[in-house]
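Dear colleague,

Please find below the structure that I am handing over to you, together with its sequence. My findings follow directly after it.

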Amino acid sequence: MANNTANRLTIQIDLSGFSFKITTPSGEKVKSGERSFPSGIEEESQIGAYLEKELKNNSTLAKQYASVSVISSIFKYTLVPSEYYDPEKMGEILFDEHCNSDVQEYDIMDKALTISPGYTIFAVHKGIVSAIKNIQPDAEFTPVVYQMIEKIPTFKENNKILLHFGKEKTDIVAAERGNLLLVNSFPAPDPITTLYYLFMVIKEVMFNPEFTTLQIFGDISKGLKKEVSRYFKNINIHSL
């Protein structure tokens with residue numbers, strides 16, 4: 001099926017469901033929506049089956065677009081400096097860190113970083129890849145942290161903390177000027193746990209919250225934003 005639009009489709013997936021937005025080449029949002037996964041869908045294989053059904057039955061998502069980006073916080077990932085990067089050993093490198101998973105169930109992908117010489121290596125469950133590519137064959141996949149890292153140059157402050165809220169997990173990136181200091185994901189079933197890890201990172205990279213701009217990606221409740229504002233004077237909220 002030929003492309004019938006110059007617009008772009010972005011799909012974001014986490015353990016609770018998925019959202020989408022359609023934007024023009026200039027970035028203007030045309031349409032957006034979200035779906036929660038039904039109760040009982042927790043495994044990545046189940047997510048893939050549900051996604052394929054939803055994409056097929058949604059005329060907007062079934063159209064072909066100039067580009068399709070799939071971003072998720074559930075993709076397993078690691079960062080590798082260029083000198084240690086070997087495309088033949090990406091799966092071996094990644095699953096050394098995530099050894100509880102079966103590598104045969106995943107497609108191993110990589111994306112070069114633009115702010116530092118290195119790569120993000122990540123794994124996407126084959127069920128999710130096939131579900132989306134059956135409908136959007138040119139879709140490109142990236143983990144949330146890759147998108148966060150690539151946005152670092154757009155923030156002009158010296159000390160930067162980028163924080164993404166996801167279901168059961170939070171992703172944190174720290175940078176000083178253009179230098180990447182830390183990238184990690186933490187199990188965080190509630191806001192209190194998220195704050196614990198946020199301040200652990202702040203302590204590790206030796207930032208002063210009063211002079212650090214917090215860039216938040218994803219939904220944040222008014223209550224949590226108020227709590228975070230007690231420590232950070234500068235907070236910006238973004239979508240990926």
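I begin with strand 6 (residues 106-112), which pairs with strand 7 in the antiparallel sense over seven bridges. Please bear in mind throughout that this is a predicted model. A hairpin of five residues joins strand 6 to strand 7, and Y106 has H125 in strand 7 as its bridge partner. Strand 7 is also joined to strand 5 by six bridges, and these two strands run antiparallel. Within strand 7, T120 is the residue that stands opposite L79.

Taken together, these strands form an open sheet of three, in the order 5-7-6, with antiparallel pairing. Strand 5 (76-81) and strand 6 are the edge strands, each pairing on one side only. On average, neighbouring strands of this sheet are turned by 20 degrees against each other, direction ignored. Helix 4 packs on the sheet, where it touches strand 6 and strand 7. The direction of helix 4 makes about 85 degrees with that of strand 7.

A further antiparallel pair is made by strand 2 and strand 3 (residues 29-36), again over seven bridges. In this pair, K31 of strand 3 is the residue opposite I22. The hairpin of strand 2 and strand 3 has five residues between the strands, and G27 in this hairpin takes a positive phi near 100 degrees.

The largest nonpolar core has 30 residues, of which I13, F18, I128, I132 and F141 touch the most other members. Two or more residues each are given to this core by strand 1 (8-14), strand 2 (17-23), helix 1, strand 4 (67-72), strand 7 (118-125) and helix 4 (126-133). A second, separate core comprises 21 residues, including I172, L182, L214 and I220.

What does I132 contact, leaving aside its neighbours within four places in sequence? The residues in question are I13, L51, L55, V70, A139 and F141. Helix 1 (residues 44-57) has 14 residues and reaches 20 Å from its first C-alpha to its last, close to the 20 Å expected at 1.5 Å a residue.

S73 may also be of interest to you. This residue is found in the loop between strand 4 and strand 5. Is S73 buried or exposed? S73 counts as buried, because its relative accessibility is 7%, and the limit for buried is under 20%. Leaving aside its neighbours within four places in sequence, S73 is in contact with I13, D14, V144, H164, K169 and D171.

Finally, I describe the chain as a whole. The protein chain has seven helices and 13 strands. Its radius of gyration is 18 Å, close to the 18 Å that the globule rule gives for 240 residues, so the chain is as compact as a globular protein of that length. The C-alpha atoms fill a box of roughly 50 × 40 × 35 Å, taken along the principal axes. Of the 240 residues, 45% count as buried. Of the contacts in the chain with a separation of 6 or more, 53% are between residues 24 or more positions apart.

With kind regards

Definitions and conventions: Residues are numbered from 1 along each chain as its sequence is written. This is a predicted model: local features need pLDDT of at least 70, side-chain atom pairs count only at pLDDT 80 or more; totals for chains, interfaces and linings use all residues. Side-chain values use heavy atoms; hydrogens and water are left out. Helices (H or I, at least four residues) and strands (E, at least two) are DSSP runs, numbered from the N terminus. The expected span of a helix is 1.5 Å times one less than its number of residues. A nonpolar core is a set of buried Ala, Val, Leu, Ile, Met, Phe, Trp, Tyr and Cys residues joined through side-chain atoms within 4.5 Å. Buried means under 20% relative accessible area, exposed over 50%, partly exposed in between (1.4 Å probe, protein chains only). Contact means heavy atoms within 4.5 Å. Two strands pair if DSSP finds at least two bridges between them. Axes are lines fitted to C-alpha atoms, for helices over the stretch in contact, and angles run from 0 to 180 degrees between N-to-C directions. The radius of gyration is taken over C-alpha atoms; the globule rule is 2.2 Å times the number of residues to the power 0.38.
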